[in-house]
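Biologist: I'd like to go through this fold with you. Can we take it piece by piece?

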Amino acid sequence: MLLAAGRGERMRPLTDTYPKPLLRAGGKMLIEYHLTRLAQAGFSTIVINHAYLGEQIEAALGNGERYDIQILYSAEQGVLETAGGIAKALPLLTDDSMRRPFVVINADIFCQMELSGLRSILQRIQEEAGRTLAHLVLVDNPPHHPEGDFCWDADKEALVPPIRTGCRKLTFSGIGVYHPALFKHVTPGQAVKLAPLLHAAIATGKVKGTYYSGIWMDIGTPERLRQLDASLQANRFDQHPAQRSGNIDR
């Protein structure tokens, strides 16, 4: 699933007439980088949620045929927040038994991680049958978010409550694998944030995490969009040592 329903307030005035996932950098729409990498990693069906100017997203991407994938849309009439949007899309994301996990990626990030590595995580979460509710990809804290999001225990590859000592505080990349049970108490159509659900699951030891040190950017402002565009136009990322491997580090 690609999360594309946000209004993009910090990206204004660019988002006054275009939804943020359709803004361009390096000659491509931001969301196209995800579609291409997901297809290369072997994912065949992508769900995209949308709300603000959502008809433009559907018109631009169509059914996904030109990306060699199938695109399904989950249209939202009001603000559902992240967890609410995922819960609404569950019928498109998982099986009738609500046991099959799925990948969710924020459409407004740029990341060159090798996404095929998520397939083994999907398999492991399914085999664990609810013992793991989420697995998050974590990155170094960017300058605009120095305090990070979650405490990570590298030895256990798990997210732990902040009261624990010896953990490393990292930033959530916007890439996660989720078991449907994480959203079982979210009423469809209800606006619910994702962070409280994750913190509750972390408190019970049901959230894992891996660290990625390669190229990742949160494209949340016009300035960061210009930085990404300049880097792509100059092929700077092709010279980045972490990009050559592109794998989750741990």
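Biologist: Which residue takes a positive phi in the hairpin of strand 9 and strand 10?
Modeller: E157, with a phi near 50°. Four residues lie between the two strands there. Keep in mind that this is a predicted model.

Biologist: How many bridges pair strand 9 with strand 10, and in which sense?
Modeller: Three bridges, in the antiparallel sense. Strand 10 covers residues 158–160.

Biologist: What about strand 11, how does that run against strand 9?
Modeller: Antiparallel, and three bridges join the two.

Biologist: Let's pick C151. Which residue is its bridge partner in strand 10?
Modeller: V160. In strand 11, C151 stands opposite K169.

Biologist: Which way do the residues of strand 9 point?
Modeller: F150 and W152 point one way, and C151 and D153 point the other way. All of them are buried.

Biologist: Why does C151 count as buried?
Modeller: Because its relative accessibility is 7%, and buried means under 20%.

Biologist: And C111, is that buried or exposed?
Modeller: C111 is buried too, at 9% relative accessible area.

Biologist: New topic. Which residues touch the most other members in the largest nonpolar core?
Modeller: I31, L35, I48, L61 and L118. That core has 33 residues. Elements that give two or more residues to this core include helix 1 (30–40), strand 4 (45–50) and helix 2 (54–61). Helix 4 gives the largest share, four residues.

Biologist: What is I31 in contact with, leaving aside its neighbours within four places in sequence?
Modeller: L2, A4, P21, L22, I48, L61 and A107. There is also a second, separate core of 31 residues. Among its members are M1, L133, L138 and F150.

Biologist: Now helix 3. Where is the kink?
Modeller: At A87, and the kink is about 35°.

Biologist: How many residues does helix 3 have, and what does it reach from first C-alpha to last?
Modeller: Helix 3 has 13 residues, 81–93, and reaches 17 Å. That is close to the 18 Å expected at 1.5 Å a residue.

Biologist: Which of the residues in helix 3 are buried?
Modeller: A83, G84, G85, I86, A87, A89, L90 and L93.

Biologist: What covers them?
Modeller: The cover includes strand 1, strand 4, strand 5, strand 6 and helix 5.

Definitions and conventions:
Residues are numbered from 1 along each chain as its sequence is written. This is a predicted model: local features need pLDDT of at least 70, side-chain atom pairs count only at pLDDT 80 or more; totals for chains, interfaces and linings use all residues. Side-chain values use heavy atoms; hydrogens and water are left out. Buried means under 20% relative accessible area, exposed over 50%, partly exposed in between (1.4 Å probe, protein chains only). A nonpolar core is a set of buried Ala, Val, Leu, Ile, Met, Phe, Trp, Tyr and Cys residues joined through side-chain atoms within 4.5 Å. Contact means heavy atoms within 4.5 Å. The expected span of a helix is 1.5 Å times one less than its number of residues. The bend at a residue is the angle between axes fitted to the seven residues ending there and the seven starting there. Two strands pair if DSSP finds at least two bridges between them.
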